[in-house]
Amino acid sequence: MVFSSHIFIFYFLPLALLLYYAAPKALRHPVLTGLSYVFYGWWNPWFTLLMLFSTVIDYACGKQITSEGAPQSKRKLFMWVSIGVNLAVLAFFKYAAFGASTASGVISFFGGDPVAVPAFLSQVVLPVGISFYTFQSMSYSIDLYRGHAVPAKSFGDFACYVSLFPQLVAGPIVRYGSVADQLQNRPHTVEGFALGLSRFSLGFAKKIFLANPMGGIADAAFAAGDGSLGTAAAWFGVAAYAFQIYFDFSAYSDMAIGLGRMFGFRFPENFDSPYKSKSITEFWRRWHISLSSFLRDYLYIPLGGNRLSHGRTYVNLMTVMVIGGLWHGASWNFVLWGTIHGGWLAFERLMGRDSFYAKAPTIVRTAITFLIVLIAWVFFRAEDFTVASRYLGAMFGWGGDAATAPLLSATLFTPYRLLTFGISAIAAFFLPNTQKILTVLTPVNLFGSILLLVASLAVLFWQGFNPFLYFQF
Amino acid sequence: MAMKNPYEDEKDLSEIRVSPTICWAGIIFFLLVCCVPPIFRNFTAEKTAAVIFKNKSKLPFTQHLRAAEKTIEDAPFTIPPRKALQKLATSILQEGNSKTIIGKGGFLFLRPGVEALTGTGPIQPPPLGPASDPSLKKAHGPAPAIKQFAADLKERGIRLLLVPIPIKPTIYPEKIADLTAPLTHPDAAAFYADLDIEILDLTDAFIAAKNHRQVYLKQDTHWTPETMQVAAKVVAAELAEFKGDTEYTLTSVKRSHIGDLVKKLEIEEHFKEEEVTLQVVSGKTRDTKSPILLLGDSFVNIFGDPAIGFGDGSEDRINAGFAEHLAAALKRPIDVIAKNGDASTGVRQDFGKRPDNEVRAKKAVIWLIAARDLFYPPKLAAENNVSWSNVSWSSHSKEETQETPGILTIEATLKRAAAYADPSQVVYPSSTYETEWETSEGEVYRVKLWAFKKSKRVPTGKLEIGKTYRLKLVPEETVPAAASAQSASLEGDPYFGDTYFSELVE
């Protein structure tokens with residue numbers, strides 16, 4: 001089910017709120033879990049079995065990790081069992097075909113006979129949000145092992161945490177430690193509910209008014225054939241994609257955080273105006289914060305972080321970013337996207353705080369950062385390396401030579417698209433983000449956000465259905 | 001005792017400066033926004049929410065959920081805001097929607113058609129990534145199916161003439177962009193050369209015609225009657241050896257209509273009807289025994305099929321379409337299989353279902369198809385219901401004396417039904433779908449039924465699998481409107497038996 005669909009807004013959400021608040025306190029978690037399984041099973045009911053499997057394994061591992069008198073070796077073993085099982089599930093559904101085709105490529109590179117990828121692997125359907133909930137579920141065992149959290153009171157509580165529908169399929173990735181105390185006791189206040197619905201409404205409006213129109217531009221630009229994409233159109237398309245992915249993903253996070261609030265939860269923030277960043281290092285403190293925090297705490301720091309040599313720090317940065325890239329999808333494009341970010345993070349660390357680069361005017365640094373992010377987005381958005389290289393070629397003048405190029409440009413640079421692009425650019429670079437707007441809840445932003453929801457529903461009826469981008473990860 | 005959140009950077013910094021009363025007011029407002037539309041719809045009109053729990057078509061569960069969701073999204077309360085916003089977008093910003101592009105000088109264009117010209121086309125590898133639909137990865141372009149069809153016809157001694165119809169933006173690019181020369185997909189020439197079959201490109205004829213008259217209807221995807229007649233003459237000239245001696249007379253009639261592209265904008269009331277002069281051809285123009293077979297799509301039907309074009313209010317076919325004018329230009333009746341939006345596969349498959357001796361009696365097949373269908377990359381093709389399958393040919397022959405099936409009335413149970421397209425997502429306003437029925441004596445019938453007409457689902461499109469109905473069956477070819485409509489076919493092994501049509505199911 002998608003937050004911006006009729007079935008969710010007009011049926012599921014009111015019913016979920018009614019059932020949740022009508023249930024006795026002791027039954028609220030089972031009710032929420034049941035609702036979350038319906039929400040997730042709406043795509044494909046079989047996928048819920050996978051989520052249940054992940055939940056059972058991690059709960060069982062958690063029991064072993066925290067069992068009284070358990071030796072360190074046993075605790076460590078079960079943490080690794082949890083990590084291993086979750087990564088194995090992810091590997092099968094997300095990476096098996098990619099791994100097989102890469103292995104085949106390597107074999108043929110060294111003169112061997114290429115091995116055909118088994119047909120069933122290329123037909124495996126990626127369960128929605130698998131990357132999110134496996135990471136979340138895994139964090140339980142790790143947090144228990146590290147002593148950052150106490151075990152869930154019951155399997156029901158843990159199942160509720162793993163399946164929480166507001167952030168289940170596209171984050172924020174809520175580590176167990178973040179909500180452990182809330183699972184046991186959380187306040188349900190009318191003010192918290194009002195704040196939640198305001199956040200949800202603003203996120204909904206952001207998705208409809210900004211993300212969807214930008215998606216139309218980006219889709220048209222990236223679908224262009226060889227020679228049909230001119231330089232200006234290529235830059236316009238990738239900038240539109242940059243705005244689309246930011247507004248789409250941050251809108252989902254806003255809606256998730258808002259929905260969480262309505263059910264009494266406080267989820268971590270996921271975005272903080274990333275395009276205002278003055279460096280890639282800063283960008284990663286503002287972009288998909290829950291993923292970068294997860295990778296920092298569970299990968300970068302265990303690898304040694306910046307505590308070892310300079311060289312090792314650069315290697316660690318690169319490793320984390322490449323794995324972060326692969327987390328998004330099984331494709332060399334995502335590896336390249338991660339490599340660009342990892343490489344630039346290492347470069348910024350190498351340059352240091354006193355370098356010319358670090359002391360350049362803010363506008364220059366913001367522009368350079370956005371430029372690097374844009375180039376990296378090409379690899380992220382393009383379906384494969386051929387499309388990415390064709391697109392980059394068009395951005396730098398090797399494109400637009402086909403007679404159809406002016407036709408594509410004319411359909412891209414329409415008054416409506418230029419207007420929505422301008423508004424998106426202003427919102428991304430100059431306006432406060434949703435959490436800043438709602439830092440203080442006033443009657444104006446409470447009712448203003450609901451009116452925006454009403455207006456965006458009308459626009460949704462006009463635009464038609466548009467799924468969220470991050471569902472595919 | 002639970003531990004507090006150990007992650008310092010996840011602290012909640014929000015502050016509430018609203019009284020509980022104001023908060024309650026906001027919550028009630030929000031809940032009304034979410035609850036009023038479904039309550040209004042389910043308690044005053046139709047019980048839409050119930051569709052989730054009733055899988056009448058016995059679809060696989062996930063498909064049923066998607067279909068139920070679609071029913072819920074087609075709520076009447078969405079129409080007024082949609083129309084109002086479209087009117088605003090069109091009048092102030094000259095913006096169309098996902099199907100229609102607003103061009104210059106009152107010209108409208110089919111957006112997928114423009115995207116077919118600027119997209120990856122039929123030769124370049126289509127953009128498919130790890131998140132792409134696995135079924136698209138299996139899809140192949142048009143070339144293999146076209147080459148196989150040509151080879152099959154050649155083996156049967158039949159000449160194939162492929163006639164790709166240049167689409168509106170090819171002839172009128174200046175109505176969208178600052179372009180003067182006609183344009184097609186950059187890979188079109190290479191693609192046609194690779195097919196290595198006889199191809200008649202109408203672009204030059206249309207460009208020449210553009211100097212004298214309007215080539216395409218302003219508000220519609222299709223050509224004008226005059227251009228259609230030019231095309232008929234050009235095609236007839238290619239088939240000079242088949243010319244007969246039947247004389248036809250033409251009568252002019254004026255008709256007007258709101259174009260399909262306006263209908264997709266859903267603001268018909270803001271456009272004037274477009275008037276055309278049709279040349280109605282008198283005499284017998286169609287004959288299933290003709291050695292010449294025309295395969296085609298809505299370009300063939302636009303001035304003959306009142307469901308999509310310029311009718312007089314009745315459902316009677318007008319003898320003013322491409323087939324009639326081709327017959328007039330050839331001076332002989334021709335055989336026709338033309339289905340709206342289904343020239344890629346449906347018409348070929350219908351031909352393949354015919355008895356082998358009837359197929360082999362043909363001397364030439366003229367295959368008229370909108371060029372955009374040839375240029376769609378897999379994703380766009382799937383979105384526009386264009387597929388490229390090979391033809392399964394019937395091996396059975398039919399004796400001259402064998403009777404064609406007559407009118408039948410049966411009582412039977414609906415066993416299977418083809419899934420048909422969403423009326424709001426396709427260009428054409430009507431569609432049939434194939435069903436399979438079994439009588440209590442175990443006799444099995446294939447029956448086509450109307451799925452939707454005038455873009456609205458009709459009662460025959462809402463039958464329940466497993467239920468028994470009474471049907472009046474007629475041979476499919478006796479209902480021209482159904483024969484020319486887009487049709488959804490049952491999946492599975494090819495079927496070579498008689499297919500009936502039923503207008504009425506009780």
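**Charge, fold and domains**

Author: In this predicted model, chain A carries 31 positive and 20 negative side chains, with 8 Å between the centres of the two sets.

Reader: What is the secondary structure of chain A, and why is the chain called as compact as a globular protein of its length?

Author: Chain A comes to 21 helices and one strand. Its radius of gyration is 23 Å, and the globule rule gives 23 Å for 473 residues; the two values are close, so chain A is as compact as a globular protein of that length. The C-alpha atoms occupy a box of roughly 70 × 60 × 55 Å along the principal axes.

Reader: What share of the residues in chain A is buried, and what makes a residue count as buried?

Author: A residue is buried when its relative accessible area is under 20%. Of the 473 residues in chain A, 60% are buried. The chain exposes about 17,100 Å², of which carbon and sulfur atoms supply 70%.

Reader: How do you know that domain 1 and domain 2 of chain A are in contact?

Author: Contact requires heavy atoms within 4.5 Å. By that criterion, 42 residues of domain 1 of chain A are in contact with 40 residues of domain 2 of chain A. The domain assignment places domain 1 at 6-186 and domain 2 at 192-472, and their C-alpha centres are 25 Å apart.

Terms used: Residues are numbered from 1 along each chain as its sequence is written. Chains are lettered from A and ligands numbered from 1 in the order in which they are written. This is a predicted model: local features need pLDDT of at least 70, side-chain atom pairs count only at pLDDT 80 or more; totals for chains, interfaces and linings use all residues. Side-chain values use heavy atoms; hydrogens and water are left out. Helices (H or I, at least four residues) and strands (E, at least two) are DSSP runs, numbered from the N terminus. The radius of gyration is taken over C-alpha atoms; the globule rule is 2.2 Å times the number of residues to the power 0.38. Buried means under 20% relative accessible area, exposed over 50%, partly exposed in between (1.4 Å probe, protein chains only). Accessible areas come from the Shrake-Rupley method with a 1.4 Å probe; for residues, only the protein chains shown count as cover. Lys and Arg count as positive and Asp and Glu as negative; His and the chain ends are not counted. The place of a charge is taken as NZ of Lys, CZ of Arg, CG of Asp or CD of Glu. Domain bounds come from an automatic or database domain assignment.
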